[in-house]
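Dear colleague,

Please read them alongside the coordinates.

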Amino acid sequence: MNGEQMKISKVVEKMKPSGIREFFDLVIGMKDVISLGVGEPDFVTPWNICESAIFSLEKGYTSYTSNRGLYELRSAISKYLKNKHSLSYSPDHNMLITTGVSEAVDLVLRAILNRGDKILVPDPSYVSYEPVSELAGGRVVLMKTSGRDNFKLTPGILKKYISRGIKAVILNYPANPTGVSYTRKELLALSKVFIDHDLIVISDEIYDELTYDFSHTPIATLSGMKQRTVYLNGFSKAFAMTGWRIGYACGPEEIISAMTKIHQYTMLCAPIMGQLGAIEALRGSANSVLEMKREYKRRREFIVSRLNEIGLECRMPEGTFYVFPSIKNTGMGSVDFAKKLLHKEKVAVVPGTAFGSQGEGYIRIAYASSMDNLKEAMQRIEHFLK
C-alpha cells in the first residue's frame with residue numbers, strides 16, 4: 001500500500017490534538033511539578049462505592065449488561081432525578097447508560113446530525129465539543145463569549161449566531177473551563193430562544209452537584225424544554241469516580257433509541273462493575289458528596305482571593321472546580337505564560353486557548369488539589385509574576 005492510499009480521513013487529519021493533553025505531555029518526567037491542569041477530583045472514590053464494586057467481583061459480576069445499562073441503575077437514576085429535580089424519565093424508554101459523559105456527547109451528536117447540519121458551540125468551551133461535532137459530520141458555529149460578561153451565553157449572543165441550518169446547541173453548565181453557571185431566570189431567557197428557533201439542546205450538566213451560590217436548575221425542567229433537550233450527566237466529578245467511566249443520557253425516546261443503536265455497535269455497554277458502583281453512589285454517598293463540595297468551596301474562595309491579591313484578575317466561579325483568571329496584564333499569550341510558568345516555577349496550568357480562541361489572555365486552573373498544593377502553587381505563581 002503506497003502513501004497515497006494510506007491517507008487517513010481528512011476530518012481527522014485536520015483535527016488538532018487536545019490542547020489539555022498536548023500541553024501535559026510536557027509535564028511527563030518533570031520532577032516536583034504541582035499540576036493544576038487536569039480536571040479530576042483529588043479525592044479517592046468514597047469507600048462504600050469501592051466496597052460495593054469489590055463485592056460485585058467476588059460474587060462474579062463480570063459480564064456484559066444490557067446495551068442500555070443495568071435496569072437497576074437506570075431505575076435508581078430515574079428516582080434520583082425525580083426526587084432531586086422533579087424531572088421524570090422512564091428507565092425503559094428515555095435513558096441510556098454510557099461510558100462516561102464523553103461517550104454520551106459523541107453518541108448524541110452522531111444520532112442527530114446529518115452531514116452539513118450546523119451546531120452552536122460556545123467559545124470557550126470543553127475541548128471535545130468542536131472536534132466530536134465535526135466527526136459527526138456537523139458544521140460548528142462558534143458563539144464567541146467575552147470575559148467582560150463572565151463568558152455567559154445570553155439570548156442576544158444566541159440570536160446573533162442563529163441562521164438557516166442550525167439544528168442544535170451545546171450547553172454546558174456549570175461550565176468547563178470558566179466555572180460560569182446559570183440561574184433559573186437566565187435559563188428561562190435562553191429557553192425562549194431555543195423554543196422560538198426549534199433547536200435541540202444538548203445539556204451537559206456533569207458539574208451540577210458542584211454549584212455553589214444558587215440551586216442548579218436542569219434546563220429540561222423548564223416549560224417546553226424537556227421534549228427538545230438531551231440531558232447528560234454522570235458520576236465522575238461529584239462522586240470522584242473519573243476512572244469508573246459511568247455517564248448517562250436522558251431525553252426523547254427517538255433520540256435515546258438512535259444513540260443506543262450506535263452504542264450497541266461500538267461500546268456495547270458500560271463496565272458492569274462501574275454501573276454497580278454507581279448504584280451504590282446514588283444509594284449511600286450523599287454525605288461524601290457534601291463533604292467534597294464544602295472542601296471545593298473553601299479552596300475556591302482561597303484561590304480566587306489569592307489570584308486577585310497577586311495581580312491576576314479572577315472572578316468567583318459559580319460552579320465546577322476551575323478558575324479562569326486573566327493574564328492579560330502580563331503581556332504574555334496564554335500558551336507562552338503556561339509554558340514559562342511550567343519551566344520556571346514547575347506549576348502546570350492549561351492555556352485558555354485550549355478551549356477556544358476567546359480563551360486567549362486566560363489560563364484554566366483546577367483547584368481539585370490539596371490546600372497545601374494550592375498554597376505552594378500560588379507562592380510560585382507570585383514569584384513568577386515578580
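In this predicted model, strands E2 and E8 pair in the antiparallel sense over 4 bridges, where strands (E, at least two residues) and helices (H or I, at least four residues) are DSSP runs numbered from the N terminus, and two strands count as paired if DSSP finds at least two bridges between them. Across this pairing, threonine 98 stands opposite glycine 247 of E8.

Strand E8 (residues 247-250) also pairs with strand E7 (residues 229-234), again in the antiparallel sense and over 4 bridges; here glycine 234 stands opposite glycine 247, and asparagine 233 has tyrosine 248 as its bridge partner in E8. Gly247 and Ala249 point one way from E8, whereas Tyr248 and Cys250 point the other way, and all are buried (under 20% relative accessible area, with exposed over 50% and partly exposed in between, for a 1.4 Å probe and protein chains only).

These strands belong to an open sheet of 7 strands with mixed pairing, in the order E2-E8-E7-E6-E5-E3-E4. Because E2 (95-98) and E4 (139-144) stand at the edges with a single partner strand each, one side of each is left without a neighbour in the sheet. The twist averages 20° from one strand to the next, with axes fitted to C-alpha atoms (for helices over the stretch in contact) and angles running from 0 to 180 degrees between N-to-C directions.

Helix H9 (residues 253-266) packs on the sheet, touching E2, E7 and E8 (contact being heavy atoms within 4.5 Å), and its direction makes about 30° with that of E2.

Residues are numbered from 1 along each chain as its sequence is written, and side-chain values use heavy atoms, with hydrogens and water left out. Local features need pLDDT of at least 70 and side-chain atom pairs count only at pLDDT 80 or more, whereas totals for chains, interfaces and linings use all residues.

Best regards
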